[in-house]
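Open the structure in your viewer and keep the selection tool at hand. This tour goes stop by stop.

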Amino acid sequence: MIDKKAIEEHIKGIIVALGDDPDREGLKETPQRVAAMYEEVFEGMNYTNHEIAEMFNKTFSEQINEADNSKIVVMKDIELFSYCEHHMALMYDMTANVAYIPKGKVIGLSKIARVVDMVGKRLQLQEKIGQDIADIISEITGSEDVAVTIEGYHSCVSARGIKKQKTKTYTAEFRGKFKDDTSLQLYLK
């Protein structure tokens, strides 16, 4: 679990290391605010992929023929944010597209968005977000035919270093039929 007291102490130390006074009016409660924010935005770090799959495992099997491979479920433009593990910098204006071919059951649509949100709430790389979402969707649905694409901006690229504000990063995780049949990838564009 996230240790808010430790975060508060470290933030206070960072303020001092930056040459400011953690006891001045505007900064007095900053360590507590940052700790509360971190508890919220890094909530996903409290759970394994399997635990997230269990948390959002709400599926429906009515009228889904397992032998029918002509069905595809695609949920596009799911908004999310995350934090880069290299700089702890915000990855923002991100959208994820998630697709799978049902194997006898479908997941509730809101659960797909909830999986995306929870996975985003970790320190990680964008590539890992797509892998983790695909792992979880596959575990919940029982389908190995899963695809996840993510597009977004990284403040470690736009606000520091090379400072390229309009540069987007695109990642794709294609599994099963999405990897083998490139025409299926068009659903995620």
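The stops below cover a sheet, a core and a pair of helices in a predicted model.

Select the strands in the order 5-2-3-6-7. These five strands form an open sheet with mixed pairing. Now look at the edges. Strand 5 (123-124) and strand 7 (169-174) stand there, each with a single partner strand, so one side of each has no neighbour in the sheet.

**Strands 2 and 3.** Zoom in on this pair. How many bridges join strand 2 to strand 3? There are eight, and the two strands run antiparallel. Pick Glu79: Thr95 in strand 3 stands opposite.

**Across the sheet.** Helix 5 lies across strand 2, strand 3, strand 5, strand 6 and strand 7. Its angle to strand 6 is about 150 degrees.

**The core.** Which members of the largest nonpolar core touch the most other members? Select Val98, Tyr100, Val115, Ile129, Ile133 and Ile137, out of 31 residues in this core. Among the elements giving two or more residues to the core are helix 3 (49-55), helix 4 (109-120) and helix 5 (126-141). Strand 2 (73-84), strand 3 (90-100) and strand 6 (146-154) are also included. Stay on Val115. Leaving aside neighbours within four places in sequence, Val115 contacts Ile52, Phe56, Ile136, Ile137 and Ile140.

**Two helices.** Finish with helix 1 (residues 4-17) and helix 2 (residues 30-41). Their axes come within 8 Å and cross at roughly 130 degrees. The two helices are therefore oblique to each other. Their crossing is right-handed. Show the side chains at the contact: Ile7, Ile11 and Ile15 are among those of helix 1, and Val34, Ala35 and Tyr38 among those of helix 2.

How values were computed:
Residues numbered from 1 in each chain as written. Predicted model: local features only at pLDDT ≥ 70, side-chain atom pairs only at ≥ 80, totals over all residues. Heavy atoms only, no water. Core = buried A, V, L, I, M, F, W, Y, C linked by side-chain atoms within 4.5 Å. Buried < 20%, exposed > 50% of the residue type's maximum accessible area, 1.4 Å probe, protein only. Helix = DSSP H or I, 4+ residues; strand = E, 2+ residues; numbered from the N terminus. Contact = heavy atoms within 4.5 Å. Pairing = 2+ DSSP bridges. Axes fitted to C-alpha atoms, helices over the stretch in contact; angles between N-to-C directions. Parallel < 35°, antiparallel > 145°, perpendicular 65-115°, else oblique. Left-handed = near helix turned anticlockwise from the far one by under 90°.
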